[in-house]
Amino acid sequence: MKDFFKMVCASCLGFVLANVVVILISMLMFGAMVGALSEMLGGKETSHVTLSSGSVFVLDPEGEIPDSSADDFFDSFMKGFNGSDVERSYTLPQIVRAIDEARSNPDVEAIVLRPDRCYMSYDTAQEIRKALLRFRESGKPIYALSLIHI
């Protein structure tokens, strides 16, 4: 009879501990999902930059220029664990929007383009080219600089 109560108490304790672990893991997953959803739906913080007259917009992308943001739940969840807090390169819509804003801003007098540390698809390059042509139509110059010569 003594062994019976010991086994019942051990089983109850194991059941309670297993439920505590499952609840903690569930809360962690739920918090990560809420954080990822709030980041996607809440929008990115936009900072307003005050430019002085004669400013130059330096377009210096690094790494791949994706067509769109490919953030998913797993990436945002694992971001803090793998030590890569470095933001990714800008996406194509962000670059095109920045070029268009520089075109309409009277304080921006030119663009300096440094494409030597990035890579992109042909379609992405064509979209950036179209945005740069729109910028050039405003009468402002575009300068390209590359430290790598192929």
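In which sense do β1 and strand β3 pair, and over how many bridges? The first legend gives the answer.

This is a predicted model, in which local features need pLDDT of at least 70 and side-chain atom pairs count only at pLDDT 80 or more, while totals for chains, interfaces and linings use all residues. Residues are numbered from 1 along each chain as its sequence is written, and side-chain values use heavy atoms, with hydrogens and water left out.

**View A. Three strands form an open sheet in the order β1-β3-β5.** β1 and strand β3 (residues 108-113) pair in the parallel sense over five bridges, where two strands count as paired if DSSP finds at least two bridges between them, and strands are DSSP runs (E) of at least two residues, helices runs (H or I) of at least four, numbered from the N terminus. In this pairing region S55 stands opposite V108 in β3.

**View B. The side chains of D60 and R117 meet in a salt bridge, with 2.8 Å from N to O.** Because D60 lies in the loop between β1 and β2 (63-64) and R117 in the loop between β3 and β4 (118-119), the pair ties together parts that are 57 residues apart in sequence. A salt bridge here is a side-chain nitrogen of Lys or Arg within 4 Å of a carboxyl oxygen of Asp or Glu. D60, E62, R114, D116 and R117 are linked in a network of such bridges.

**View C. D100 forms a salt bridge with R134, the closest N and O atoms being 3.2 Å apart.** This pair links distant parts of the chain, with D100 in helix α3 (residues 92-104) and R134 in helix α4 (residues 122-137), 34 residues apart. R134 counts as partly exposed, at 30% relative accessibility.

**View D. The rings of F4 and F5 form an edge-to-face pair.** A search of the whole structure finds one aromatic pair; the ring centres of F4 and F5 are 5.7 Å apart and their planes stand at 65°, so the pair is edge-to-face. Rings of Phe, Tyr and Trp (its six-membered ring) pair if their centres lie within 6.5 Å, and planes under 30 degrees apart count as stacked, over 60 as edge-to-face and the rest as tilted. F5 counts as partly exposed, at 46% relative accessibility.

Key:
Buried means under 20% relative accessible area, exposed over 50%, partly exposed in between (1.4 Å probe, protein chains only).
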